[in-house]
Amino acid sequence: MTTFREILIAAETELLSADLFFGHGYESAHDEAVALVLAAADCSLVDTSAAILDTGYPATALPKLRSFLTARCEERLPVAYITGEAWLGHLCFKSDARALVPRSPVAELVLNHFEPWYQGPDPQVIIDVCCGGGSLGMLAKSLFPGAQVLLSDLDSAALSLASENSQIHAVDGMVRGDLLSWCRSSCVDIIIANPPYVDADDMRGLPAEYRHEPGLALAGGEDGLDLVRVLLADAARILRPTGILILEVGNSFGALDDLSDQLHPIWVELEQGGHGVAVFMAQDLAQWAVSEDTTNPVVSAK
Ligand SMILES: C[S@@+](CC[C@H](N)C(=O)[O-])C[C@H]1O[C@@H](n2cnc3c(N)ncnc32)[C@H](O)[C@@H]1O
């Protein structure tokens, strides 16, 4: 009998020798091996106890595990695209190449009920813009069931995945549109945004794993902020005075700091790891928008 433990050690060894990049929700070869070994045997990642380690690994799962390891080590596919699922917080999402693998550190702020950043009344409207497969917005809806949670993305393939995920984790609406241009309200309490923000330098050096993700999900132009500039102006237009924008820009944090003296990003120290997540207060954004005259397309494009 070959045990789960033996199979796990062999899988981890194979992953370690394949020179992989671990940036898609699992931090190490060990964690990825656990996910692949369990998924091939149709065992739950969260409900399987360690007692399984010394039981026999099903022989019928071996061909599936072999194909999983080949996909990971040779094709450099992220684990989520191999197993078809990804966890964010307490929720499990369907994941495939139609959208980015869910892994945003913004989840930490959502799971903390946006505290201490959001100081307004119970949020009535939350928007997850650039929602991809919908994970952040769906996580928000699970914690704020009384709020209207809307998701939007430009990419219809990503929205089709979000729509499938919403069969399990319901939200209040989905819009196909360019950033927040579709939103006519000025009563939004919280905007969650993980837009494409990878700058041109980082795009050139991306590990192979990222090249399986949609190009539209990553590239943010020369300094990474092409979409962020527009998003900031849109957020200023639609947030309530007590509202906040939570914006992930990853490695482009320096460019965002340099964007304007009038912008006041509050950089969040993330306990669960990650970096480049800023909170903006609606009133700061409104003052910045006036100072930049963001309604003037020539100025706002600079
Ligand atoms: C970094 S991914 C984030 C996906 C998701 N929020 C997450 O955290 O997994 C960025 C998303 O922005 C979308 N996007 C790109 N350009 C856009 C635009 N102009 N308007 C709206 N969405 C856009 C992409 O399709 C992609 O789904």
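What follows is a short talk through the sheet, the hairpin, the helix contacts and the ligand shell.

User: Before anything else, what kind of model is this?

Analyst: This is a predicted model.

User: OK, the sheet then. How many strands form it, and in what order?

Analyst: The open sheet is formed by 7 strands in the order β5-β4-β3-β6-β7-β9-β8, and the pairing is mixed. At its edges lie β5 (173-176) and β8 (266-267), each of which pairs on one side only.

User: Do β4 and β5 run parallel or antiparallel?

Analyst: Strand β4 (residues 148-153) and β5 run parallel and are joined by 4 bridges, with leucine 151 of the pair standing opposite methionine 174 in β5. Helix α7 (residues 156-166) packs on the sheet there, touching β4 and β5, and its direction makes about 170° with that of β5.

User: And which strands does α11 lie across?

Analyst: Helix α11 lies across β7 (239-248) and β9 (277-281), and it runs at about 90° to β7.

User: What about α1 and α2, at what angle do they cross?

Analyst: The axes of α1 (residues 4-16) and α2 (residues 29-40) cross at roughly 130° and come within 8 Å, and the two helices are therefore oblique to each other. In this case the crossing is right-handed. From α1 the contact includes Phe4, Ile7 and Leu8, and from α2 it includes Ala29, His30 and Glu32. The residues of this contact divide into 11 nonpolar, 1 polar and 2 charged.

User: Switching topic, how many residues are between β1 and β2 in the hairpin?

Analyst: There are 2 residues between β1 and β2, and glycine 89 in the turn has a positive phi of about 60°. Strand β1 (residues 85-88) runs antiparallel to β2 (residues 91-94), with 4 bridges joining them, and glutamate 85 stands opposite lysine 94 in β2.

User: Last one, which residues come nearest to the ligand?

Analyst: Of the 21 residues around the ligand, Cys130, Gly132, Leu154, Asp155 and Ala217 come nearest. The shell as a whole divides into 14 nonpolar, 4 polar and 3 charged residues.

Key. Residues numbered from 1 in each chain as written. Predicted model: local features only at pLDDT ≥ 70, side-chain atom pairs only at ≥ 80, totals over all residues. Pairing = 2+ DSSP bridges. Near = placed C-beta within 6 Å. Nonpolar A, V, L, I, M, F, W, Y, C, P; charged D, E, K, R; others polar. Axes fitted to C-alpha atoms, helices over the stretch in contact; angles between N-to-C directions. Parallel < 35°, antiparallel > 145°, perpendicular 65-115°, else oblique. Left-handed = near helix turned anticlockwise from the far one by under 90°. Contact = placed C-beta atoms within 7 Å.
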